[in-house]
Number of protein chains: 2
Amino acid sequence: MTENQPKITKSDRTRAQILEAARQLFAERGYDGASIRDVAAQASIDPAMVIRYFHSKDELFARAAVVDLQLPDQRVDPAAVGETLIRRFLVNWEGPANGPGMIILLRSAASNEHAAHKVRDVFANQVRPMVASIGDPADAGRRAGLVASQLLGLAMCRYLLRLEPVVALSPEEIIRDVGPVLQRYVMGHDAH
Amino acid sequence: MTENQPKITKSDRTRAQILEAARQLFAERGYDGASIRDVAAQASIDPAMVIRYFHSKDELFARAAVVDLQLPDQRVDPAAVGETLIRRFLVNWEGPANGPGMIILLRSAASNEHAAHKVRDVFANQVRPMVASIGDPADAGRRAGLVASQLLGLAMCRYLLRLEPVVALSPEEIIRDVGPVLQRYVMGHDAH
DNA sequence: AGCATATGCCAACGGCTGTTGACAAATGCA
DNA sequence: TGCATTTGTCAACAGCCGTTGGCATATGCT
């Protein structure tokens, strides 16, 4: 029996508590608005512990702002890719299980270059390849950029700015109204 | 000759310098990222002067973040409202004369509730009435919200996050690709 | 010229920030 | 039980922040 069992120590518990508190506060107030002391108070712990477990605020943020959009990378029905995308979007942002990684990132990206860089990484590594796998890879960047503009704008209005009419939209309305636009963007500009 | 001529005093000069420096730094770094000391240094002035002329940082920000989208409120050709809107958007964001009010606001709105409130005001007082004047006022909120989601998303990707493929789009491409989407949103969901 | 006013600089305040190191309590193995 | 390691608390650091009041200088009117 020389195998090393994971050994869930006590520190792992508080480590997770800190990370959860950080995720919540970063999502609510952004990188600058959430101080290490705030995170520590939310986790009912001393601020020094936050630094001990995560070595700096930057590293804590990096651990909190992990994003996996789980976009369909395999064969998708090209005729339904718009609806597939918008449904995936709603699950990512409103689903219960998924961490608030994307809202953390977007909340800080507008005024924090480090967070903005991570958003660009998500686009380059997750959104763009997915679009490239559908149609002509030559102008995949342009089409993926249009998709991102619509989806990030919807997220801004609905989850960050909370524009009343956009918050009031039902998931079905969003799928009906935005899905065809995404379809058009993914397939090419004159697919109508 | 009892008329009071405006009297451009020396203080008006530096007042304008401070405001210009504030606009630039707020646009680049957002509300939290631009300190009063930074603004003062940019204007080659003492930080105390910023407070003397504008009474607080909040008031300075309010003066800097003034937005007038100049949307067409009169008779617009309903068949060309999408193209009209996206052209207006490009002038507002890339035109030489217009102040950077909108980029100031958007940069800070994601992590600053005060700025977010002002964005909601711009939407309610400028975007929504314009959409309401075109089609059925009953669901003007929903349609205006969809328009805002596309335009704010485009602004985020092109001017704040600087997503490479979106930055690379030419104004003509944007007009061609996004115009029809706005047309669809303004007129109603099944106008194709 | 003399004086009131406008304009500007300087130093400091209280408060908050991320981060550090020293010390105390708890835990777990011998 | 004794001891080493882990887990946690406390106080303080240097540095920023918005804001304030006092004092020097410059301006402009009579």
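**A chat about the aromatic cluster and DNA strand D**

Colleague: Quick one to start: is Tyr31(A) buried or exposed?
Modeller: Tyr31(A) is buried, with a relative accessible area of 12%. Bear in mind that this is a predicted model.

Colleague: Noted! How many aromatic pairs are there over all chains?
Modeller: The structure holds 12 of them. One is formed by Phe26(A) and Phe61(A), an edge-to-face pair with 5.1 Å centre to centre and 80 degrees between the planes.

Colleague: And where do Phe26(A) and Phe61(A) sit in the chain?
Modeller: Phe26(A) is in helix H1 of chain A and Phe61(A) in helix H4, residues 57-64. They are 35 residues apart, and the pair links distant parts of the chain.

Colleague: Is Phe61(A) buried or exposed?
Modeller: Phe61(A) is buried, at a relative accessible area of 1%. Phe26(A) is buried too, with a value of 1%.

Colleague: Back to Tyr31(A): why is its pair with Phe61(A) called edge-to-face?
Modeller: Because the ring planes are at 90 degrees, with the centres 5.2 Å apart. Tyr31(A) lies in helix H1 and Phe61(A) in helix H4, so this pair ties together parts of chain A that are 30 residues apart in sequence. Ring pairs link Phe26(A), Tyr31(A) and Phe61(A) into a cluster.

Colleague: Nice. Switching to the DNA: how many residues surround DNA strand D?
Modeller: There are 17, and the closest are Arg52(A), Tyr53(A), Ile36(B), Arg37(B) and Lys57(B). By class, that surface has 6 nonpolar, 5 polar and 6 charged residues.

Colleague: Which part of DNA strand D does the side chain of Arg37(B) approach?
Modeller: A base nitrogen, 2.6 Å from an N or O atom of the Arg37(B) side chain. For Arg37(A), a side-chain N or O atom is 3.4 Å from a base nitrogen of DNA strand D.

Colleague: Last topic: how many helices and strands does chain A have?
Modeller: Chain A has 10 helices and 0 strands. Of its 192 residues, 48% count as buried. Its C-alpha atoms fill a box of roughly 60 × 50 × 30 Å along the principal axes.

Key:
Residues numbered from 1 in each chain as written. Chains lettered and ligands numbered in written order. Predicted model: local features only at pLDDT ≥ 70, side-chain atom pairs only at ≥ 80, totals over all residues. Heavy atoms only, no water. Near = heavy atom within 4 Å. Polar contact = N/O pair within 3.5 Å; in protein donor to acceptor, adjacent residues only side chain to side chain. Nonpolar A, V, L, I, M, F, W, Y, C, P; charged D, E, K, R; others polar. Helix = DSSP H or I, 4+ residues; strand = E, 2+ residues; numbered from the N terminus. Buried < 20%, exposed > 50% of the residue type's maximum accessible area, 1.4 Å probe, protein only. Phe/Tyr/Trp six-rings, centres within 6.5 Å; stacked < 30°, edge-to-face > 60°.
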